[in-house]
Amino acid sequence: MKQSLIGLLAVIGFFALACGFLDSEAATVTYERAIPVDFEVDANELCPTDADCEEDTVDAQEEVELLAIEIPVDIDILESTGSGDLQNISQRLRSLEITSIDYEVSDNSLTFDLPDVEVHVAPLGTRDADDPETVHLTTIPSVPAQTDDAGNAPAREQALEPASELFKELQYTAIAGATPVVKEGQPFPPSGTSDVELVINIKITANPLDDI
């Protein structure tokens, strides 16, 4: 809904309310939006500090734990959704609900299994998943080496309310974290990359008459 239309609704609503013609609740509107969160897992960034990853590739003789993945992604909901209408009603939000979370792992050439990826959300600029203000939102399940996958990653029940409150700020940081390992028999040093996309689907309820 464009700003001019919201302004028109507000003017009409004001006179209608003054004349007793319209219940303000009738002006409540609902928006559904998808917030994408994209990041890449690159094996070249995960070599253990005590290993020489310049050596020729061999089959691992034992399990090797790689460096932990911790990727913060700053998100501007208005920018990522291309929704100028959300800017227009940002001061009139009544509720914001996470309806579902989808994920897709694509172009996966990693030579090790992508482990469960824990996704946290936090105030904009947060860089540490252990920060006390972070919310553990969901988990992307493990995906085998060199395999693409997609599905639904349910939000944790206890995360729904605090995450929804955070999203009302329209800016936040998502932090993806995991501890990958090269299993016995898998190639070492590891190689490859994988694109991971998380889509957080939300429903926003607002009323353009709330500021009258």
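What follows covers the disulfide, the salt bridges and a charged surface patch.

This is a predicted model, in which local features need pLDDT of at least 70 and side-chain atom pairs count only at pLDDT 80 or more, while totals for chains, interfaces and linings use all residues. Residues are numbered from 1 along each chain as its sequence is written, and side-chain values use heavy atoms, with hydrogens and water left out.

**Disulfide**

- The count comes to one disulfide, a term for a pair of cysteine sulfur atoms within 2.5 Å.
- C47 and C53 are the partners, with 1.8 Å from S to S.
- The disulfide is right-handed because the torsion about the S-S bond of C47 and C53 is about 90°.
- C47 is buried at 17% relative accessibility, whereas C53 is partly exposed at 24%. (Buried means under 20% relative accessible area, exposed over 50%, and partly exposed in between, with a 1.4 Å probe and protein chains only.)

**Salt bridges**

- The structure holds four salt bridges, each a side-chain nitrogen of Lys or Arg within 4 Å of a carboxyl oxygen of Asp or Glu.
- One of them pairs D74 with R127, whose closest N and O atoms are 2.9 Å apart. D74 lies in strand 4 (residues 69–76) and R127 in the loop between strand 6 (117–122) and strand 7 (135–140), so this pair ties together parts 53 residues apart in sequence. (Strands are DSSP runs of E with at least two residues, numbered from the N terminus.)
- D74 is partly exposed at 40% relative accessibility, and R127 is partly exposed at 43%.
- Another joins K183 to D113, with the closest N and O atoms 2.8 Å apart. This pair links distant parts of the chain, 70 residues apart: K183 is in the loop between strand 10 (181–182) and strand 11 (187–188), and D113 is in the loop between strand 5 (93–106) and strand 6.
- K183 is partly exposed, with a relative accessible area of 40%, while D113 is buried at 16%.
- K168 and E165 also meet in a salt bridge, at 3.1 Å from N to O.

**Negative surface patch**

- D38, E40, E45, E104, D107, D148 and D195 form a negative surface patch. (Patches are made of residues with over 30% relative accessible area and no salt bridge, with like charges joined within 9 Å and nonpolar side chains within 5 Å.)
- E45 sits in the loop between strand 1 (29–42) and strand 2 (58–59), and E45 is exposed at 59% relative accessibility.

Technical notes
Accessible areas come from the Shrake-Rupley method with a 1.4 Å probe; for residues, only the protein chains shown count as cover. Lys and Arg count as positive and Asp and Glu as negative; His and the chain ends are not counted. The place of a charge is taken as NZ of Lys, CZ of Arg, CG of Asp or CD of Glu. Helices (H or I, at least four residues) and strands (E, at least two) are DSSP runs, numbered from the N terminus.
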